[in-house]
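Here's a quick briefing to read with the model open beside you. Take a look around first, then come back for the guided tour.

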Amino acid sequence: MYYAIYFSPTYNTERVCKYFCDGEYNSIDLCKENIDLKLNSDDIAVIGVPSYSGRVPELALKRLEGIKGDNTRCILISSYGNRASEDTLIELNDFVKKNGFVPIAGMELVGAHSIFKDVAKDRPDGLDFKDYAGFKIMIKEKLRNNEMTLTTLPGAFPYKEVKPSSLIPETGEDCVNCGDCYRACPAKAISKEDPRIIDPSLCAHCMRCTVVCKFNQKFINPKVYDAMLERLAPKFLGRKSNNLYI
């Protein structure tokens with residue numbers, strides 16, 4: 001049985017994880033509460049996370065802690081917003097191996113940026129899915145042959161330092177207190193009583209609230225947004241590639 005296991009606050013990682021499952025699969029959403037799960041040796045897991053500043057999101061690792069394998073083969077995915085994946089794959093690889101999984105393939109896949117809406121906004125597109133189709137054929141062949149090895153993944157240990165982020169979404173004056181953001185927040189950082197309030201000590205900076213708010217009342221401060229985009233714009237230039245490591 002395939003398992004699509006994903007931390008996907010803005011839904012792109014979920015989409016690609018499900019694509020790389022073959023036939024029926026169980027869907028495990030790491031944005032929900034902690035999950036205790038043990039997979040068998042004949043199961044196959046597709047485990048995907050977004051790359052946050054070149055690392056696995058801390059909350060994703062906490063949620064993955066409860067999912068164990070039994071020499072279970074897995075396919076790893078780092079989705080990134082047309083900048084760089086850096087140490088994400090190698091960190092994910094090291095983590096899941098400790099939990100009983102055997103990675104047999106890793107991918108860096110470009111998708112729409114979670115913060116800067118115009119960066120890679122149409123990806124994955126048709127060209128990306130052509131890449132995916134080729135990757136899927138090679139992965140399925142490796143699974144058929146029951147190969148349990150994996151080439152060297154990009155990244156290095158010690159992993160790059162993650163600096164504390166102050167990128168906390170703000171709430172607009174026209175918020176109607178519908179509670180969609182509260183119910184969707186993976187980190188439970190939004191107040192149930194007053195969804196305008198976000199606890200900065202809990203916020204995972206994942207931007208799900210900015211995606212689910214149908215009234216566009218959760219957003220990054222425009223001045224902060226523009227300053228960050230100006231600083232990072234050179235790193236977004238060009239069409240970055242999807243990469244398969246097998």
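Leaving aside its neighbours within four places in sequence, which residues is Phe-20 in contact with? Contact here means heavy atoms within 4.5 Å, and the list runs Tyr-2, Val-46, Ile-77, Met-107, Leu-109, Tyr-132, Phe-135, Lys-136 and Ile-139. Before going further, know that this is a predicted model, where local features need pLDDT of at least 70, side-chain atom pairs count only at pLDDT 80 or more, and totals for chains, interfaces and linings use all residues. Residues are numbered from 1 along each chain as its sequence is written, and side-chain values use heavy atoms, with hydrogens and water left out.

**The whole chain**

- There are seven helices and 10 strands in the chain; these are DSSP runs numbered from the N terminus, with helices being H or I of at least four residues and strands E of at least two.
- The chain is as compact as a globular protein of its length, because its radius of gyration is 18 Å, close to the 18 Å that the globule rule gives for 246 residues. (That radius is taken over C-alpha atoms, and the rule is 2.2 Å times the number of residues to the power 0.38.)
- Along its principal axes, the C-alpha trace spans about 60 × 40 × 35 Å.
- Of the 246 residues, 50% count as buried, where buried means under 20% relative accessible area, exposed means over 50%, and partly exposed is in between (1.4 Å probe, protein chains only).
- Take the contacts with a separation of 6 or more: residues 24 or more positions apart account for 78% of them.
- The accessible surface comes to about 12,300 Å², and 51% of that belongs to carbon and sulfur atoms; the areas come from the Shrake-Rupley method with a 1.4 Å probe, and for residues only the protein chains shown count as cover.

**The largest pocket**

- The largest pocket holds about 1,500 Å³ of space.
- Of the 50 residues that line the largest pocket, Tyr-52, Ser-53, Val-162, Ser-165 and His-205 are the closest to its centre.
- How is a pocket found? On a 1 Å grid over the protein atoms alone, a pocket is an open set of points where a 1.4 Å probe fits, with protein on both sides within 12 Å along at least five of seven lines, and lining residues have an atom within 4 Å of a point.
- Grid points are joined across faces, edges and corners, and the volume is the space filled by probe spheres set on the points.
- The elements giving two or more residues to the lining are α1 (12-19), α2 (58-64), β6 (72-80) and α7 (222-232).
- Among the elements, α2 gives the most to this lining, with four residues.
- The lining divides into 24 nonpolar, 16 polar and 10 charged residues; Ala, Val, Leu, Ile, Met, Phe, Trp, Tyr, Cys and Pro count as nonpolar, Asp, Glu, Lys and Arg as charged, and the others, Gly among them, as polar.

**Around α1**

- Asn-12, Thr-13, Glu-14, Val-16 and Cys-17 are buried in α1.
- Those buried residues pack against β1, β4 (44-50), β6, β7 (101-110) and α4 (126-144).
- Phe-20 sits in the loop between α1 and β2 (25-29), and it counts as buried because its relative accessible area is 4%.
- Phe-20 and Lys-140 are 120 residues apart in sequence, yet their C-alpha atoms are 9.4 Å apart in space.

- Met-1 lies in the segment before β1 (2-6), and it counts as partly exposed at 44% relative accessibility.
- Not counting residues up to four places away in sequence, Met-1 touches Glu-24, Tyr-25, Asn-26, Asp-42, Asp-43 and Ile-44.
- Tyr-80 is in strand β6 and is buried, with a relative accessible area of 6%.

- Most residues other than glycine have a negative phi, and most peptide bonds are trans.
- A cis peptide bond joins Arg-123 and Pro-124, with omega about 5°, and another joins Phe-157 and Pro-158, with omega about 0°.
- Asn-146, in the loop between α4 and β8 (170-171), has a positive phi near 55°.
- Met-207 isn't a glycine, but its phi is positive too, at about 75°; Met-207 is buried, with a relative accessible area of 2%.
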